Amino acid sequence: MAREDWRDEPIHGRSVVLRRHRPENLTAFLRWYGDPEIARLTRYHVEPMSPDEIRRYFETRVLSSETLSGAIHLAAGDRLIGTTTFSQLDGSNGSVMYHITIGERDAWGRGYGTEATELMLRLAFERLGLHRVGLSVFEFNERAIRSYDKAGFRVDGRLRDAIWRDGRYWDEIIMSVLENEWRERAPGRGRGAPASLRAATPSGARAARGA
Ligand SMILES: CC(C)(COP(=O)(O)OP(=O)(O)OC[C@H]1O[C@@H](n2cnc3c(N)ncnc32)[C@H](O)[C@@H]1OP(=O)(O)O)[C@@H](O)C(=O)NCCC(=O)NCCS
C-alpha cells in the first residue's frame, strides 16, 4: 500500500474519527491556539501563539508529509474538534512523542480525547511497529493526566519545578506507554505491522526497520 493511501484512510473509533488535515482546518487552528486557556494548559509561554506562528505551525507540523498528524472529528456529524500528532519519530529506537489538543472546549471531558489517544496508540504499535510512545504534560493539567492514564500511559518521571504558572512552580511530567504494556492491556491485539504498512512509515522508521 502506498504511503499516501493509508494516510488518506480515516481511522474510525466509536465516537471519533481521525482524518487527514485539510488546508481549510487552519481557521479552527487559529481559534484553538489563540485561546488563552489552551495556551495555559499546553505552552511554556503563557501567551497564545500569534496568528503567524499558528500558520507556520500548521504548515510545517500539521500539513507536512513528515509528521503524522490527524484531525479529530466526531463520528456523529463529522464536526472537527481537535488535532493529534506524532512528532520526533525516532526509527532507530522505535519511539515517538505524542501530542493532542481538543480545541473545542465544549468537547472536553466527554471521552473523545482518550478515544483519539487510543486510536493513535493502535496506529503506533499495530501499524507503524513502534516500541514506545512518550509525552510530557504539566502537573496542573489534571484532565490530560487522567486521560493519558486511562489510555495506558505511565509516569516515567518528573522535571521538577519546570514551569511557572498561576503564581507557583509546577513539575512537567514525562509519561510513556510501551508496546508490550499496551498489548497486555488487551490480549488479542495483533502482533506487529504488516510489512506493507511498516514500509509506509516516515523515513526514519522506514530506514531503521529495514522495511
Ligand atoms: C487533554 C484532553 C486531550 C483530554 O481529552 P478529553 O476528551 O477532555 O478527556 P476525557 O473525557 O477522555 O477524559 C478526561 C478524564 O479526566 C477527568 N477530569 C476532567 N476534568 C478533570 C480535572 N479538572 N481534574 C481531574 N480529572 C478531570 C474526567 O472525569 C475523565 O476521567 P473519567 O473518565 O475517569 O471520569 C483534552 O481535554 C484537551 O485537549 N485539553 C486541552 C489541551 C490539552 O490540555 N492538551 C494536552 C496537553 S499535554
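**Exercise 1. Find which residues are closest to the ligand and which elements supply its shell.**

Solution. The ligand is surrounded by 21 residues, the closest being Gly113, Thr114, Glu142, Ala144 and Arg146; a residue counts as near if its C-beta atom, placed from the backbone, lies within 6 Å. This is a predicted model, in which local features need pLDDT of at least 70, side-chain atom pairs count only at pLDDT 80 or more, and totals for chains, interfaces and linings use all residues. Residues are numbered from 1 along each chain as its sequence is written.

Next, assign the elements. At least two shell residues come from each of α3 (36-42), β5 (95-102), α5 and α6. Helices (H or I, at least four residues) and strands (E, at least two) are DSSP runs, numbered from the N terminus. With five residues, α6 gives the most.

**Exercise 2. Describe how α5 and α6 are placed relative to each other.**

Solution. Start with the axes, which are lines fitted to C-alpha atoms over the stretch in contact, with angles from 0 to 180 degrees between N-to-C directions. The axes of α5 (residues 112-127) and α6 (residues 142-151) come within 9 Å and cross at roughly 45°. The two helices are therefore oblique; angles under 35 degrees count as roughly parallel, over 145 as roughly antiparallel, 65 to 115 as roughly perpendicular and the rest as oblique.

Then list the contacts, defined by C-beta atoms, placed from the backbone, within 7 Å. Gly113, Thr114, Thr117, Glu118 and Leu121 of α5 meet Ser147, Tyr148, Lys150 and Ala151 of α6.

Definitions and conventions
Contact = placed C-beta atoms within 7 Å.
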